[in-house]
Amino acid sequence: MLPVVVVHGGAGHIPKERTEESTIGVKEAARTGYAILQRGGSAVDAVVEAVALMETNPRFNAGRGSVLNIKGEVEMDALVMDGRTLDSGAVSAVRRIANPVQLARLVMEKTKHLCLTAEGASKFARSMGVPEVPEESLITDYAKMRWKKNLEPDANPVECQMGKMGTVGAVAVDMDGNIACATSTGGMINKMEGRVGDTPCVGCGGYADNKIGAVSPTGHGEAIMKVTLSRLVLFHMEQGKTPEEASDLALAYMKERVDGLGGVVVVDHNGTWAARFSSLQMSWAAAQQGKLHFGLFHGDHFTEPVEEHT
Ligand SMILES: NC(=O)C[C@H](N)C(=O)O
């Protein structure tokens with residue numbers, strides 16, 4: 001059953017013209033993570049590289065392609081967690097960084113803190129030699145269009161949010177049984193300046209523990225934080241539920257308790273995995289035992305050999 005990697009490209013309602021690219025993006029990310037694991041790489045390497053690839057892909061709401069805040073700027077959150085030690089690293093409201101997940105990893109490995117924010121995170125990036133990129137290079141025409149549309153007086157904010165959720169995340173178990181998770185996002189469209197969502201908060205935007213498993217979520221950040229969604233899924237697994245049962249219980253609780261929608265990718269320490277969501281769609285892909293699994297709508301479960309490139 002090991003190694004295994006499962007990724008998501010965000011829960012929500014993905015506009016029809018973007019569904020194919022979203023599926024291609026998650027499949028590429030799962031293949032990238034799996035290749036690292038097959039070479040004997042660590043779960044942390046696999047999740048960070050899978051997420052970094054989706055940050056670079058402008059189709060997702062992370063890195064380049066992030067949604068814009070109310071001022072039309074990109075402010076990003078990211079988290080990585082190592083299930084061996086429970087060490088984690090995060091950045092929040094960080095600007096002009098191409099791959100926030102790699103900066104989060106540096107926070108985990110090079111500081112004694114768990115999260116750096118805004119200007120402090122930028123200073124740390126400079127001190128680590130991480131280049132600052134022009135803001136414009138992170139902003140796509142699509143993100144600008146959604147931002148403008150949402151500022152119109154008759155805008156339907158719910159429709160606009162759901163059209164571009166696209167947060168990215170990954171969970172993995174490597175050949176040594178070590179487990180990790182990573183998540184990265186531009187957050188919610190037209191969010192207030194300085195808004196920090198679930199993604200960089202341990203237990204909300206991800207959790208990994210070698211003794212149980214790992215979770216990376218997506219969805220309405222405020223709802224995810226209210227129920228500490230990632231830790232809630234793992235709690236149910238500790239109580240003996242399978243990753244699928246635990247995900248469904250936690251997502252149902254979030255819907256019923258705080259009216260929140262979202263999705264999760266989950267693994268346990270044996271390599272049993274799940275990709276579950278309460279939103280209309282979530283693009284996801286998993287790689288295990290030479291097979292690539294993927295889907296987008298409820299009930300989808302397609303497979304193909306990992307080697308086959310599309
Ligand atoms: N699309 C998302 O998953 C958004 C993210 N959870 C946030 O609220 O920042």
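Modeller: Start with Asp-198. Setting aside neighbours within four places in sequence, Asp-198 is in contact with Cys-204, Gly-205, Pro-217, Gly-221, Ile-224 and Met-225. Keep in mind that this is a predicted model.

Where does Asp-198 sit? Asp-198 is in the loop between strand E6 (179-185) and strand E7 (207-209). Is Asp-198 buried or exposed? A residue counts as buried if 20 or more other C-beta atoms lie within 10 Å of its own. Asp-198 has 30 such neighbours, so it is buried.

Now for the record. UniProt places the feature "binding site" at Arg-195, Val-196, Gly-197 and Asp-198, and also at Thr-218, Gly-219, His-220 and Gly-221.

Next, Thr-218. Thr-218 belongs to strand E8, which covers residues 213-219. Thr-218 is buried because 33 other C-beta atoms lie within 10 Å.

Step back to the whole protein. The protein contains 9 helices and 13 strands. Its radius of gyration is 17 Å, close to the 19 Å from the globule rule for 310 residues, so the protein is as compact as a globular protein of that length. The C-alpha trace spans about 50 × 45 × 40 Å along its principal axes. Buried residues make up 58% of the 310 residues; Asp-198 and Thr-218 are among them. Contacts also reach along the chain. Of those between residues at least 6 apart in sequence, 68% join residues at least 24 apart.

Conventions
Residues are numbered from 1 along each chain as its sequence is written. This is a predicted model: local features need pLDDT of at least 70, side-chain atom pairs count only at pLDDT 80 or more; totals for chains, interfaces and linings use all residues. UniProt positions are given in the numbering used here, feature names are shortened, and annotations may be inferred rather than shown by experiment. Helices (H or I, at least four residues) and strands (E, at least two) are DSSP runs, numbered from the N terminus. A residue is buried if 20 or more other C-beta atoms lie within 10 Å of its own, exposed if 12 or fewer, and partly exposed in between; C-beta atoms are placed from the backbone. Two residues are in contact if their C-beta atoms, placed from the backbone, lie within 7 Å. The radius of gyration is taken over C-alpha atoms; the globule rule is 2.2 Å times the number of residues to the power 0.38.
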